[in-house]
Amino acid sequence: MPRALITGITGQDGLYLAEYLIDKGYEVYGLVRGQSNPRREILHRMIPEVKILTGDLTDISSLIRVLSIAEPDEVYNLGAISFVGYSWENASLTSDVTAFGVLNMLEATRLYAGRDIEKVRFYQASSSEMFGKAQEVPQTERTLLWPRSPYGVAKVYGHYMTITYRESYGMHASSGILFNHESPRRGPEFVTRKVTRAVARISLGLQQELALGNLDARRDWGFAGDFVEAMWLMLQQPTPDDYVIATGRDHSIRDLLDVAFSTVGINDWSEYVTRDPAYLRLADVESLVGDSSKARSVLGWEPKMDFPSLISMMVNHDLAEQKVLVR
Ligand code: F7E
């Protein structure tokens, strides 16, 4: 039975990846941070097969301990402070976790593997936020990185450190440059879930307004459940590499509003949506769209769910969830 260790297992991607690997017959270990973390209980209820280990990406000794218990064949480093908006307010903490946490995980994995460096395969969750002020359209693995937030800068550090470990130590370390990926498990601070939840609540008469920031931003949004498959495929390749994972189609926040509101039969959303400068970013990433040709040809990966289906699915999930809450 192959063994996998996932950091960030209580997040959206960690949950989908754990389910995916368990279905494939893996023994899955998950790193969970902190004392009395309520997510531990939620994870246990959702996926009881996962073996939970306590540790923190900022504490390398805890990572060495966890690796020696899990004895993984594959390490998926998904743990990060991932909300871009928050990263300006907590730039130092974001760097400690999202940047130096990657170095800690790489170094702990290298020490754990010892002389047999090829015995462990490593996946790093890189991000399209690294492209920031995009220097070409669409973005590929060769596009110049130009991050626009402390989060983006931290991800660039992790990305290059992963490449450095691959090139210095011969580690089987790959980076997935994932464009935005969403699902009903997305946190409500991210714009897709914020919108789908608000639309569900507005249609049920539980909320009157939805306050947003930049409506002109464009993103390449895919389904998180599709994207975790690409992570696994990267680690099954004979040689490690970096891959853009994206749908290749971008949409604006206005398009997102169109699809979400029309799912509940509202065609004109202008009377419900207000603008609040509090949600504007100090430097926003205006537009991102990825070219995943390399992943499609080398990994045989392609996204299955399109944007309208994804957003409608999220609205319908939130309608069901909100109905239970008000019952
Ligand atoms: O913002 C605009 C906002 O917070 C998307 C993370 O998973 O994907 C995610 O980062 C856009 C931005 O995601 C609101 O200004 C307008 O332009 O949903 P988001 P993100 O920043 O793209 C990448 C790939 C990651 O790696 C990250 O970890 O939407 N926007 N109004 C708003 N955004 C939010 N959150 N809230 C608003 O009210």
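How far is an oxygen atom of the ligand from an N or O atom in the side chain of Asp284? Keep that in mind, everyone, and thanks for coming. One thing before the answer: what we are looking at is a predicted model.

So, the answer: that distance is 2.7 Å. The ligand has 24 residues around it, and the ones that come nearest are Ser82, Ser127, Tyr151, Arg281 and Asp284. Look for Arg219, where an N or O atom of the side chain is 2.9 Å from an oxygen atom of the ligand. Then try Gly213: here a polar backbone atom is 2.9 Å from a nitrogen atom of the ligand.

Let's move to Val84. You will find Val84 in the loop between strand S4, residues 74–77, and helix H4, residues 91–113. Is Val84 buried or exposed? Val84 counts as buried because its relative accessible area is 9%, and the cut-off for buried is under 20%. Leaving aside residues up to four places away in sequence, Val84 touches Glu129, Ser149, Tyr151 and Arg281. If you want a sense of scale, go from the C-alpha atom of Val84 to that of Gly248: they are 164 residues apart along the chain and separated by 22 Å.

In soluble globular proteins, nonpolar side chains tend to be buried together. Here, the largest nonpolar core has 60 residues, and those touching the most other members are Ile6, Leu21, Tyr76, Tyr123, Ile245, Leu257 and Ile311. Which helix gives the most to this core? That is helix H7, residues 224–235, with nine residues. Domain 1 and domain 2 each supply at least three residues to this core. There is also a second, separate core of 25 residues, with Leu31, Leu57, Ala70 and Ala108 among them.

Not counting residues up to four places away in sequence, its contacts include Phe227, Ala230, Met234 and Trp301. Ile245 belongs to strand S11, residues 242–245, where Tyr243 and Ile245 point one way, Asp242 and Val244 point the other way, and all are buried. Which strand pairs with S11? Strand S6, residues 172–178, does, in the parallel sense and over four bridges. To see the pairing yourself, find Ser175, which stands opposite Asp242 in S11.

Methods:
Residues are numbered from 1 along each chain as its sequence is written. This is a predicted model: local features need pLDDT of at least 70, side-chain atom pairs count only at pLDDT 80 or more; totals for chains, interfaces and linings use all residues. Side-chain values use heavy atoms; hydrogens and water are left out. A nonpolar core is a set of buried Ala, Val, Leu, Ile, Met, Phe, Trp, Tyr and Cys residues joined through side-chain atoms within 4.5 Å. Buried means under 20% relative accessible area, exposed over 50%, partly exposed in between (1.4 Å probe, protein chains only). Helices (H or I, at least four residues) and strands (E, at least two) are DSSP runs, numbered from the N terminus. Domain bounds come from an automatic or database domain assignment. Contact means heavy atoms within 4.5 Å. Two strands pair if DSSP finds at least two bridges between them. A residue is near a molecule or strand if one of its heavy atoms lies within 4 Å of it. A polar contact is a pair of N or O atoms within 3.5 Å; within protein, one must be able to donate a hydrogen and the other to accept it, and residues adjacent in sequence count only if both atoms are side-chain atoms.
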